[in-house]
Amino acid sequence: MEQQYITVEELQSQCFIDSPTDKEIKYLEDALDTSVTTIENKIQQKLADISPEGKLPAPLKSAALLLAANLYANREPASHGTPQRIPYTLDYILQPYIKYT
């Protein structure tokens, strides 16, 4: 079983969701999994290698919550406004953790 660094309840709080449906909980779980995988791909290492005891450094936890909350809020590939990148924030947070081999 893969390590859970962030709970669905923490993501619910990040997204200001009071009483999620079962479908929303499943979507939040998937968003968390996606955010963790995306971060691991970006920094080119597993979070377990950075945090073998299971407690993420605060910047990585914030990045995972930020990305998962963005996935929850923006489910469609189209926007009616001017598209804005959130990765600037993610790039800034994740930069110190990138492993160059």
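At roughly what angle do the axes of helix α2 and helix α4 cross? Select residues 22–43 for α2 and 58–73 for α4: their axes come within 8 Å and cross at roughly 130°. Axes here are lines fitted to C-alpha atoms, for helices over the stretch in contact, with angles from 0 to 180 degrees between N-to-C directions. Helices are DSSP runs of H or I, at least four residues, numbered from the N terminus.

Now show side chains. On α2, the residues making the contact (heavy atoms within 4.5 Å) include Tyr27, Leu28 and Ile39; on α4, they include Leu60, Leu67 and Tyr72.

A quick word on ground rules. This is a predicted model, with local features needing pLDDT of at least 70 and side-chain atom pairs counting only at pLDDT 80 or more, while totals for chains, interfaces and linings use all residues. Residues are numbered from 1 along each chain as its sequence is written, and side-chain values use heavy atoms, leaving out hydrogens and water.

Next, pick Glu10 and Lys61. They form a salt bridge (a side-chain nitrogen of Lys or Arg within 4 Å of a carboxyl oxygen of Asp or Glu), and their closest N and O atoms are 2.5 Å apart. Glu10 lies in helix α1 and Lys61 in helix α4, so the pair ties together parts 51 residues apart in sequence.

Then hop to Pro20, in the loop between α1 and α2. Leaving aside residues up to four places away in sequence, Pro20 touches Gln12 and Ile25.

Last stop: colour by pLDDT, the predictor's confidence in each residue, from 0 to 100. The chain averages 86.

Notes
Helices (H or I, at least four residues) and strands (E, at least two) are DSSP runs, numbered from the N terminus.
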